[in-house]
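Hi,

Here is the structure I said I would pass on. Have a look at it first, then read my notes below.

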Amino acid sequence: MKILGINSVFHESSAALVVDGEIVAACEEERFSRVKHAKQARVDNPHELPENAIRFCLDYAGAGPEDIDRVAYSFDPGLRHATFCPEWWPDPRWESEFLRRLDDVAGAAEAILDRKLGDALTFVPHHLAHAASAFYPSGFDSAAILVVDGIGESACSTLARGAGAEIRCLESLSYPHSLGFVWEQVSLHLGFSPYDAAKVMGLAAYGDPKVFREQIASIVFVRDDDYSVDPLALGFPPVDRAATALLDTSGLECRLGPQRRATDEILPRHADIAAALQAETNAAVAALLRRLERAIGGERLCLAGGVALNCVTNSLIAQMSGFSDVFIPSAPHDAGTAIGAALAAHCADADAPPRPSATPFLGPAFDEREILAAVRAAGFTPRRSDDSTREAANLIADGNIVAWFQGRMEFGPRALGNRSLLADPRRRDTRPIINQRIKHREDFRPFAPAVLAERADEWFDIASSSPSHEFMLFACATKAERRERIPAVVHHDGTARVQLVRNESNPRFYRLISHFFERTGVPLVLNTSFNDNEPIVCTPAQAIETFRSTGMDALFMGDIYLTSQT
């Protein structure tokens, strides 16, 4: 049974292939198209499918379109019809356009696959796809599930329970009560894009949450076991149209002050707003977890949705909730719903749980022949290393920035050792060098430590060991006595977005860090994504172009390497 999962309803377009309940391939369209997030979230484009990602999945599995038994799309137009009110749009006519384009999904899929689908096309509710992307790969027999994002059909947060092959929705908070939308709108208010929640998270560490506590609490009102969002604060049409006149007098500028332009200096007040938003988000998610614990109990929890990329909130959950085992997939955001839709469709057809697998390494890989061809096409002379992990570790220890391109590409927004830039965490100048010379981004942005799993507790406060600690999804406190030794990866608040590295999960990356440890006594390296204001590199040609244009010191692709002197 081969099931193709597709996400393209909003953004982060992606595809995944599940064969007999096993995830064999998954990739985001942006890695091929080189357009960040693949496309904008608009009402007129949910039928623009991730054609490149679909073709990769089929090619990787050696499958033709005729071999696909089912196509699962991570949104249900029927549920949208039943639950979403067109009057919630700024222009109610947008909803009819959105639904019309959703009707075009079948034709678009048939055009790509060059075959009729008929009943083989399944529409999976968006939050069910999110829940499935976390629960089924977790390996848990049963678990509580929490999904928090911008919006599905109309749901913004969903509480569910997974057991065996079944996921049962318990209840949902629907539009306008969206934490994801709050983050998008505050990101815009702070002069960033709606996709820049990560910047706001990083900025929050520099602020005082008390300064704007009341103002943010007037936007997100948290009770004991739920929360609500004031749509007027976000400039959204109110459910009660009689309140429309209040829009101009109750928006974000009225509550948080003037909007920052992208070119303006970042002031302390901007950090204070970010800090207050982070604190209120922590409180809102904690309230939902109390509600979930009362409804289900148990020790295991699965998280999904874009808000599950918030490392600070995730760490609070791991430390303070009643759930001792927490699992978050490497792609909890919308891209992950391609996997979730395929897994949900598998369970519906087979009435049996799929094979649990948490690996993020589901994208394309390239053999040495392809790497050498790309090197020569770019006009470089390739070199071969007898021990690339040791040589790369020594270059890093000597203060060089090393691009590390190995094996199958990661699925999800974070590079985890196969499409990574690596550097020495001991050097204070490492962070500004990468931010300014290579990544061309704000200086307040933090970097993550990739640490040998068995040594992590010596350097960081790891609340509990979970496969999700391998996905860079938790902000852990750095041991006070260790902070001065690794300043490049310790954030302003003393935390670090830790990635545990295990030999069994990524032996090549593990060996590199081990060699660095042997030489320096520090069992970790700085790890950030291999890109420069673009999607993470996918192919050898993309890796070489980014290496050439950014002034990195060395690039390793398998055992083939280039240096800045090449």
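Start at L452, which stands opposite V501 in β18. Before going further, note that this is a predicted model, where local features need pLDDT of at least 70 and side-chain atom pairs count only at pLDDT 80 or more, while totals for chains, interfaces and linings use all residues. Residues are numbered from 1 along each chain as its sequence is written, and side-chain values use heavy atoms, with hydrogens and water left out.

On names: helices (H or I, at least four residues) and strands (E, at least two) are DSSP runs, numbered from the N terminus.

**Strand β16 and its partners**

Strand β16 covers residues 448–452, and five of its five residues are buried, so the rest of the structure largely encloses it. Buried means under 20% relative accessible area, exposed means over 50%, and partly exposed is in between (1.4 Å probe, protein chains only). What does β16 pair with? Three bridges join it to strand β18 (residues 495–501), and these two run parallel. With strand β19 (residues 524–529), β16 pairs in the antiparallel sense over four bridges; there, P449 stands opposite L526. Two strands count as paired if DSSP finds at least two bridges between them.

R511 lies in helix α19 (residues 507–520) and is partly exposed, with a relative accessible area of 38%.

How do α16 and α19 pack? Helix α16 (residues 388–397) and α19 make an angle of about 50°, with their axes 8 Å apart. Axes are lines fitted to C-alpha atoms, for helices over the stretch in contact, and angles run from 0 to 180 degrees between N-to-C directions. That makes α16 oblique to α19 (under 35 degrees is roughly parallel, over 145 roughly antiparallel, 65 to 115 roughly perpendicular, and the rest oblique).

Contact means heavy atoms within 4.5 Å. By class, there are six nonpolar, five polar and five charged residues. Here Ala, Val, Leu, Ile, Met, Phe, Trp, Tyr, Cys and Pro count as nonpolar, Asp, Glu, Lys and Arg as charged, and the others, Gly among them, as polar.

Helix α12 (residues 268–295) and helix α13 (residues 311–320) pack at about 40°, with their axes 10 Å apart. That makes α12 oblique to α13, and their crossing is right-handed. Q278, T281, N282, V285 and L289 of α12 make the contact with V312, T313, L316 and I317 of α13. This contact has five nonpolar, four polar and no charged residues.

**An open sheet**

Lastly, five strands form an open sheet in the order β3-β2-β1-β4-β5, with mixed pairing. The edge strands, β3 (22–28) and β5 (121–123), each pair on one side only. On average, neighbouring strands are turned by 20° against each other, direction ignored. Strand β4 (residues 70–73) runs parallel to β5, joined by three bridges, and Y73 has F123 in β5 as its bridge partner. Helix α2 (residues 51–61) packs on the sheet and touches β1 (2–7), β2 (14–19) and β3.

Cheers

Note on methods
A crossing is left-handed if the near helix is turned anticlockwise from the far one by less than a right angle, and right-handed if clockwise.
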